[in-house]
Amino acid sequence: MKRKLLGMMLSATMVAGMLTACGETAATTTETPAAETKTETAAETKTETAASDTAAETAAAPAADEGKVLNISAWNEEFKSRLTDHYPGYEVVDGTTGKIGDVTVKWLITPNEENAYQNRLDELLLAQDSAAADDKVDLFLVEADYAVKYTDTDYTVPVKDLGITDDDLKNQYSYTQAVVTDSNGVLKGTSWQGCPGVMIYNRAIAKEVFGTDEPADIQAKFSDWDKFFASAGELDKAGYDVISSTADTFRVYQNNAKLPWVNGTQIQVDDNLKKWVEDSKKLADAGYCNTWGQWGEDWNKGFYPEGKVFAYFGPAWLIDFCMAADVEGSVGHDGGWAATEGPQGFYWGGTWICAAAGTDNASLVADIMRKMTCDPEVMKDIVLKDNDFVNNKPVMEELANDPNYSNAVLGGQNPLKMFCAGADNIDMANLTAYDQGLLGDFQTAMGDYINGNYATYDEALEQFYTLALQRYPELTR
C-alpha cells in the first residue's frame, strides 16, 4: 500500500538514527527516530486504507463551513515570507501566527538540522486521522530530494481534487510538476519557484585575475571542466580559491548523472558521481579550494572580500537569500557578484506545497496554491520584490527581456535569460524516494577520501554502501 511508504521510510530513518551520525552536504543530515512505525495486520491495513480514502474525499470536496485554523508545516521562514508579502488579505498577528479572513494561520516551523523537520512532519501525518480539527496539518512543504517520500503516499491530496486544473498550471515549468507527480502519474503538489543554477563569481577577483568581469568573457574561461581547472590554477597563483569547497560542485555533477540512485532495490553509483570524486580530489590536492561542508562559517567566508573565494554554484535563492547581501561589507551588499552558466547546467533545491489528506481547509489550501504558484501578477510581484525565479514561464521570459529589470546583488545584471534556459532543460527522470539520504551518505564517504582518510576510492565506496544500507536496509548493492 502506498500509505506504508511513509512508514517504511520512517523505519529506515530510525535505523539510520541508531547506527549513523552524519551532517548535511559534505556530511549528510543525521536522521533520528521521531515516531514508532505501526505494525499493521491485514485488517488494520484495510481499515487505514478506507480511512485514508475518506480523508482524501473530504479534502477533495471542500465543505461549506471550513476549519478555523490553517496549520502550515515548514522548515524555515521562506514560504512564510512569500505568503505574508504576496498573498492577498494575509495579516500578520505575531511571529508564528497570521490571519486570512476569519481563519487563523499557525506556522509549525521546525528547522531541518538533524532531519528534525521530516521527523516532526512524519509524526504529524501519522497522527492526522486522530488529531482534533484545529490540530490537523492542512498544508506542508517538501524539497525535491525527499518529495517522493510524501507524494507517493495517500497522505497528500491530488491537486485536481482541490479544483486546480491543467489550465491553471499550464505556464509552469514541467520539471517542477515532475518532482511532485506520484508513481501513478498524479500531481500531488505545486511550487512558486524554479531553481536552475548558475556559476556566481566575484567581479573584483575576475577583473584582477582575468582582466574582465563580463559574463561572456568569464564563461569562456569556465565553459567546461578542463577550462575550469586551468582557470582555477590562474586564480590559485593570484591567491584565490576557485570555489569555497569541493561540496560546491556536487549538485552540478549529480544533476548530470544518467542513472537514478536506485533501480528497483539496487543502489547505483553513476560514472558522473565518480568523476565528481576524482575532480574534487584533484582540486583539493592542488590547493585550489577547501573541503569543508556547506553553510558553515568557513564556507561562508567567501561572501566577504577577505574570504578570497572566486565563485559559488547556485540558483536565484542562493544569490538573494543566502549570500549575506543585506550585510554591510559583504560582496553582495555592494553588488559585487555576477553570474554565468559555468561548465554544466544544473538545478538545486526548491520548495513544493502539498495539501495534507484530512485537511478541513481544502478551499483555502487550493486558493493559496492557485494564487502563489499560478497567478501571473503574484508571480511577477515575487520576482520584482524578492528576485526569486518563479514557476511561470511567460512571466520569466517577459522579465528576461525587460531592459529595466536588474539584480542589485549582481551589480545590475539581468541573469534571467540564462535561468530560463536552464529551467527548460531540467530533467527529473532520475528522482527517487532515497535521494536525500544516498546523496548525503555518498558525500560523507567520499569527503573522507578527498580529505585523505581513505587510501582509495574503492575503500570510500565500501563505506558509502555501509552507510546507505544502514539507512535503508531494504536496499541492496
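This report walks through a sheet, a nonpolar core and a few loop residues of a predicted model.

Some ground rules come first. Local features need pLDDT of at least 70 and side-chain atom pairs count only at pLDDT 80 or more, while totals for chains, interfaces and linings use all residues. Residues are numbered from 1 along each chain as its sequence is written, and side-chain values use heavy atoms, with hydrogens and water left out. Helices (H or I, at least four residues) and strands (E, at least two) are DSSP runs, numbered from the N terminus.

**The sheet**

Let's start with an open sheet of four strands, ordered S7-S10-S6-S11 with mixed pairing; two strands pair if DSSP finds at least two bridges between them. Strand S7 (241-243) and strand S11 (337-340) stand at the edges with a single partner strand each, so one side of each lacks a neighbour in the sheet. On average, neighbouring strands are turned by 20° against each other, direction ignored. Strand S6 (residues 198-202) runs antiparallel to S11 and is joined to it by four bridges, and Asn 202 stands opposite Trp 337 in S11.

Helix H8 (residues 203-210) lies across S6, strand S10 (309-314) and S11, at about 75° to S6. Such angles run from 0 to 180 degrees between N-to-C directions, with axes fitted to C-alpha atoms, for helices over the stretch in contact. Contact means heavy atoms within 4.5 Å.

**The core**

A nonpolar core is a set of buried Ala, Val, Leu, Ile, Met, Phe, Trp, Tyr and Cys residues joined through side-chain atoms within 4.5 Å. The largest one has 143 residues, and those touching the most other members include Phe 310, Ile 368 and Phe 464. Helix H15 (residues 362-374) gives this core its largest share, eight residues. Not counting residues up to four places away in sequence, Phe 464 touches residues including Trp 261, Leu 438 and Phe 442.

**Loop residues**

Asn 361 sits in the loop between strand S12 (352-355) and H15. A polar atom of its side chain lies 2.8 Å from the backbone oxygen of Val 69. The Asn 361 side chain also makes a polar contact with the side chain of Asp 360 (3.1 Å); a polar contact is a pair of N or O atoms within 3.5 Å, one able to donate a hydrogen and the other to accept it within protein, and residues adjacent in sequence count only if both atoms are side-chain atoms.

Buried means under 20% relative accessible area, exposed over 50%, partly exposed in between (1.4 Å probe, protein chains only).

| Residue | Relative accessible area | Class |
|---|---|---|
| Asn 115 | 0% | buried |
| Trp 295 | 36% | partly exposed |
| Asn 361 | 0% | buried |

Phi of Asn 115 is near 65°, and Trp 295 has a positive phi of about 85°.
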